[in-house]
Amino acid sequence: IITVVFAGIYLALYPGLGKFQGLLGWSSAGQYKTEQQRAQEAVALVFDKFNGMSTEALVKDPAAMGIGERLFGNNCAGCHGSNAKGSKGFPNLTDSDWMYGGSHETIAETITKGRMGVMPPMAAAVGTAEDVRNLSNYVLSLSGSAHNSVAAQLGKPKFAVCAACHGPDGKGMQALGAPNLTDKIWLHGWGEGAVAAMINQGKTNMMPGFADRLSAQQIHVLAAYVWSLSQTATLAAK
């Protein structure tokens with residue numbers, strides 16, 4: 001009898017009978033939202049002191065960098081690695097090579113909104129398979145990487161189809177997220193085969209945005225931490 005009475009009271013107060021929401025209006029989604037709001041309010045108290053701090057000031061603050069490191073481990077390390085050196089298809093965050101720019105503001109924008117990088121297949125515009133091979137060698141020559149010098153010279157005129165994004169000098173365009181081809185940093189692999197595959201097949205790479213997962217305050221601190229990873233030598237000299 002007690003079980004039946006309890007079940008009746010429970011079903012009257014909480015959802016459980018079809019579309020009836022219960023007299024209390026409770027839902028798991030509503031409870032989750034409330035708990036998230038409370039958690040964000042508690043987190044905001046921790047981050048309040050970092051509001052308005054410059055990038056350099058944040059980097060010099062051990063507490064801020066400790067929090068930034070934990071945020072990186074929980075949200076970024078899965079792709080960029082625990083040491084932030086990345087892997088094939090995932091950028092190394094410890095060097096000075098930035099596809100969209102390496103300022104604190106740009107890093108924060110990337111974390112907030114994410115990035116969608118697209119290189120379309122260009123083989124049809126380049127020409128024959130031999131033209132693609134020659135162009136691949138020319139691209140390799142821009143960074144002094146191992147290449148066939150004769151093929152590179154033949155492929156140089158074909159680079160015109162790449163210059164719109166990568167620039168006539170191959171140094172890339174951060175406004176477009178087009179990589180610098182004159183360094184020896186290869187996000188998706190290097191060598192004639194890898195470059196030819198990019199020309200033939202193109203590539204779409206996406207980093208998700210974290211605006212729904214992290215607060216603006218958290219992103220402010222995390223961006224400073226990520227910025228510091230590529231500034232080791234500079235910061236050590238100061």
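Student: How many salt bridges does the structure hold?
Tutor: A quick word on the source: this is a predicted model, where local features need pLDDT of at least 70 and side-chain atom pairs count only at pLDDT 80 or more, while totals for chains, interfaces and linings use all residues. Residues are numbered from 1 along each chain as its sequence is written, and side-chain values use heavy atoms, with hydrogens and water left out. Now, a salt bridge is a side-chain nitrogen of Lys or Arg within 4 Å of a carboxyl oxygen of Asp or Glu. The structure holds four of them.

Student: Which residue pairs with Glu-130, and how far apart are the closest N and O atoms?
Tutor: The partner is Arg-133, with the closest N and O atoms 3.4 Å apart. Helices here are DSSP runs of H or I with at least four residues, numbered from the N terminus. Glu-130 and Arg-133 are three residues apart in helix 8 (residues 129-142), so about one helical turn separates them.

Student: Which residues are linked with Arg-133 in a network?
Tutor: Glu-130 and Glu-192 are linked with Arg-133 in a network of salt bridges. For Arg-133 and Glu-192, the closest N and O atoms are 3.5 Å apart. Arg-133 sits in helix 8 and Glu-192 in helix 11 (residues 192-201), so this pair ties together parts that are 59 residues apart in sequence.

Student: What does Lys-158 form a salt bridge with?
Tutor: Lys-158 pairs with Asp-131, and the closest N and O atoms are 3.9 Å apart. Lys-158 lies in the loop between helix 9 (149-155) and helix 10 (160-166), and Asp-131 lies in helix 8, so the pair ties together parts 27 residues apart in sequence.

Student: What is phi of Ala-84 near?
Tutor: Start with the general idea: most residues other than glycine have a negative phi. Phi of Ala-84 is near 65 degrees, a positive value in a residue other than glycine. You'll find Ala-84 in the loop between helix 5 (77-80) and helix 6 (104-113). Ala-84 is also buried, with a relative accessible area of 1%.

Student: Where does Val-221 lie, and how far is Val-221 from Gly-66?
Tutor: Val-221 lies in helix 12 and counts as buried at 0% relative accessibility. Sequence distance and distance in space are separate things to read. Val-221 and Gly-66 are 155 residues apart in sequence and 9.8 Å apart in space, C-alpha to C-alpha.

Student: Which residues make a nonpolar surface patch?
Tutor: Patches are made of residues with over 30% relative accessible area and no salt bridge; like charges are joined within 9 Å, and nonpolar side chains (Val, Leu, Ile, Met, Phe, Trp, Tyr) within 5 Å. Accessible areas come from the Shrake-Rupley method with a 1.4 Å probe, and for residues only the protein chains shown count as cover. Here, Ile-1, Val-5 and Ile-9 make a nonpolar patch of about 350 Å². Ile-9 belongs to helix 1 (residues 2-13).

Methods
Helices (H or I, at least four residues) and strands (E, at least two) are DSSP runs, numbered from the N terminus. Buried means under 20% relative accessible area, exposed over 50%, partly exposed in between (1.4 Å probe, protein chains only).
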